[in-house]
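I opened this notebook to record what I looked up in the structure. The entries below proceed from strand pairing to the cores and then to the chain totals.

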Amino acid sequence: MTMRTTTNIPIDGIVLAGGLSTRMGRDKALLPWHGRTLLEHVRGLLRQAGCRRVWVSGNYPAFGGIADRVARCGPLGGLYSVAMCMPESVALVLPVDTPNVTPGLLQRLFAEPTAACTLFADEPLPMRLQIDDRCRRVLQELIEKPQAHRSLRAVQERLGAIELPLADNERKLLLNCNSPADLESIAS
């Protein structure tokens, strides 16, 4: 099933996987998760949510990964690097370290189909993002201006993000694994 917006634009997915994984002590994207890597698992979640193509930020040639254009800019740098390579589309953006999110929860981000950006209240990711010239300009300005607050929140604020409510039991699905202890608790 390929999900489409009301404007009939296909949905893409973006996995933010290019981080340093310092707290984990090894590359999170390549950690095992139920017989696959976290990267393979999260790509699969985006496909199950209806994404036709899944883009990967980070140096993962086997997955068509896009290396950061600007080093050490965190998730913003990864998003910027991928957005500059993508055609105009709507994208679901998901970090590689959030393995328990469900396709149904991701699909809820389409409740406001005309919004430039939609996310869940008090959660920077996942988000639905309209990748277009405006979005690319905002990302580029934040990356290129050293005095700018370089964060996903800054992008979301500049684009006028719409926040959707999230129940406590759903919020647990968005827990990420930054350390071995986090991974162990999320996996159990």
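I count two strands as paired if DSSP finds at least two bridges between them. I take helices (H or I, at least four residues) and strands (E, at least two) as DSSP runs, numbered from the N terminus.

I note that the model is predicted: local features need pLDDT of at least 70, side-chain atom pairs count only at pLDDT 80 or more, and totals for chains, interfaces and linings use all residues. Residues are numbered from 1 along each chain as its sequence is written, and side-chain values use heavy atoms, with hydrogens and water left out.

**Entry: strand β7**

I looked up the partners of β7. Strand β6 (residues 117–120) runs antiparallel to β7 and is joined to it by 3 bridges. Within that pairing, Thr118 has Arg128 as its bridge partner. The hairpin of β6 and β7 has 6 residues between the strands, and Asp122 there takes a positive phi near 65°. Strand β5 is also antiparallel to β7, with 5 bridges between them. Here I found Leu92 opposite Arg128.

**Entry: nonpolar cores**

I define a nonpolar core as a set of buried Ala, Val, Leu, Ile, Met, Phe, Trp, Tyr and Cys residues joined through side-chain atoms within 4.5 Å. Which residues touch the most other members of the largest core? They are Val15, Ala17, Leu39, Leu46 and Leu92, in a core of 32 residues. Two or more residues each come from β1 (11–16), α1 (38–48), β4 (53–57), β5 (89–95) and α3 (103–107). Helix α1 gives the largest share, 5 residues.

For Val15 I listed contacts (heavy atoms within 4.5 Å). Leaving aside residues up to four places away in sequence, Val15 touches, among others, Leu39, Val42, Leu46, Val54, Trp55 and Leu94. I also recorded a second, separate core of 29 residues, which includes Cys73, Leu76, Leu119 and Val155.

**Entry: chain totals**

I find 7 helices and 8 strands in the protein chain. Of its 188 residues, 54% count as buried. Among contacts between residues at least 6 apart in sequence, 70% join residues at least 24 apart.

Key:
Buried < 20%, exposed > 50% of the residue type's maximum accessible area, 1.4 Å probe, protein only.
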